[in-house]
Amino acid sequence: MTKSVWIKHAQLATIKGQQGPRSKEAMSELGLIEDGSVWLEDGKIAAVGTTAELEKKFADRSADAEVIDAKGQLVTPGLVDPHTHVAYGGSREGEFEKRLQGVSYMDIMNAGGGIHATMRMTREATEEELVEQTTKRLDSFLEHGVTTVEGKSGYGMNLETELKQLKVMKKLNAEHPIDLVSTFMGAHAVPSEYKGKEDDFVDYLIETMLPEVAELAEFNDVFCEKNVYTPEQSERILEAGKKHGLTPKIHADEIVSYGGAELAAKVGAISAEHLLKASDEGIEAMADAGVIACLLPATALYLREEAAQGRKMIDSGVAVAISTDCNPGSSPTVSMPLVMNLACISMRLTPAEALVAATYNAACAIKREDRAGSIEVGKKADIVLWKVKSYQELQYLFGVNHVESVWKNGEKVVG
């Protein structure tokens, strides 16, 4: 049996509040407890309250627990990253230099680079090589306070490699401390062998790939973008996935305004991702349909684009989550702390909203709010101790990893 852990005297951001995805004022609900305490037992959160309350409750058991005095420090739930492409082969640092020389992301992709380059490297990698590379990234996620990660396939775009990516993620979900949630994204780009025959690939994806991958994934994602997949093609793919039990997600309105946000509302997607160019009508439709906006400010920064309108979305009633978009081409980072900083700086979220977007709302975007994203009795003991005195300081001192310790299922995995 795991030894009980008692963390006391912290500023404790429980994120306890409204159930379900939060927007507007509810995104500022941190359930803050000054001089707070949390008791971890058997992999779960057993008690939450003030230090005085837990001292009284556990007076006869404290000698048998590991006690951490967190005075002057912040404690939060483990961070949740709801949008990554973490399982891939190779890297693309050469493209970074090309973009700095003025070549656009889409021009690189259309010339056979970008997603197509990673597709080739991922197809060539063995399952063992992908496990090794992905494990290193997940280890780094943990070091940055992330305890739950969504991972997409999509660097195969043929049945063999899509299955390989999904099997790697299933294996690592079982073996790595991080909870890894799988999304099928066979519609990440159109493979070069199907150029000019895009509808044929959509047919292949629907008829051949979806039936085979459905047991290995929970979600189905598509890159709805000009010169990638049209809204009509995207709708076909997402509706077909629903028949196999896969919940829709959608890469929407990243490069141009293309009706992706509106489509997310139409198909009942749990989330729409990117949304840099989402229209006012799309934002309104997402708010009405309860679609979570998963915003990726590090990607916008890396591509030197203006970030999504996070402030406007929250004020319009859209629940906002944030993510690294960890991938080899447009956001090669695992730093959710940096993403929270950027959410404040480039999208005008408040420090409280950024923390909710990286914990509870992020958990809602991958159907994990029943076990992660807040510090509440009965949830997984996924906890981060930060070397800052408050949630405001966590966002104020930007570009720094302030993690002191991380507990996953009650086990200390960092620190």
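Trainee: In which helix does Thr-122 lie?
Mentor: The model is a predicted one. In it, Thr-122 falls within residues 115-124. That run is helix H4.

Trainee: Is Thr-122 buried or exposed?
Mentor: A residue counts as buried when its relative accessible area is under 20%. Thr-122 has a relative accessibility of 0%, so the residue is buried.

Trainee: Which residues is Thr-122 in contact with, leaving aside its neighbours within four places in sequence?
Mentor: Two tyrosines are among them, Tyr-88 and Tyr-155.

Trainee: How many aromatic pairs does the model have?
Mentor: Rings of Phe, Tyr and Trp pair if their centres lie within 6.5 Å. By this rule, the count of aromatic pairs is seven.

Trainee: Why is the pair of Tyr-88 and Tyr-155 edge-to-face?
Mentor: A pair of aromatic rings is described by the distance of the centres and the angle of the planes. The ring centres of Tyr-88 and Tyr-155 are 6.1 Å apart. Planes over 60 degrees apart count as edge-to-face. The pair is edge-to-face because its planes stand at 70°.

Trainee: How many residues apart are Tyr-88 and Tyr-155?
Mentor: Tyr-88 is in the loop between strand S6 (79-81) and helix H2 (93-100). Tyr-155 is in the loop between strand S7 (146-152) and helix H6 (159-175). The pair links distant parts of the chain, and the two tyrosines are 67 residues apart.

Trainee: What is the relative accessible area of Tyr-88 and of Tyr-155?
Mentor: Both tyrosines are buried. For Tyr-88 the value is 7%, and for Tyr-155 it is 1%.

Trainee: Which residues does Asn-327 contact, leaving aside its neighbours within four places in sequence?
Mentor: Asn-327 is in the loop between strand S13 (320-322) and helix H13 (336-347). Asn-327 is buried, at 3% relative accessibility. Its contacts are His-85, Tyr-88, Tyr-155 and Pro-332.

Trainee: Which backbone nitrogen does the side chain of Asn-327 reach?
Mentor: A polar atom of this side chain also lies 2.6 Å from the backbone oxygen of Asp-325. The backbone nitrogen, reached at 2.8 Å, is that of Ser-330.

Trainee: Over which ring does the charged end of Lys-8 sit?
Mentor: Ring pairs join Trp-6, Trp-39 and Phe-58 in a cluster. The charged end of Lys-8 is 4.6 Å from the centre of one ring, that of Trp-6.

Terms used:
Residues numbered from 1 in each chain as written. Predicted model: local features only at pLDDT ≥ 70, side-chain atom pairs only at ≥ 80, totals over all residues. Heavy atoms only, no water. Phe/Tyr/Trp six-rings, centres within 6.5 Å; stacked < 30°, edge-to-face > 60°. Helix = DSSP H or I, 4+ residues; strand = E, 2+ residues; numbered from the N terminus. Buried < 20%, exposed > 50% of the residue type's maximum accessible area, 1.4 Å probe, protein only. Lys NZ or Arg CZ within 6 Å of the ring centre and 35° of its normal. Polar contact = N/O pair within 3.5 Å; in protein donor to acceptor, adjacent residues only side chain to side chain. Contact = heavy atoms within 4.5 Å.
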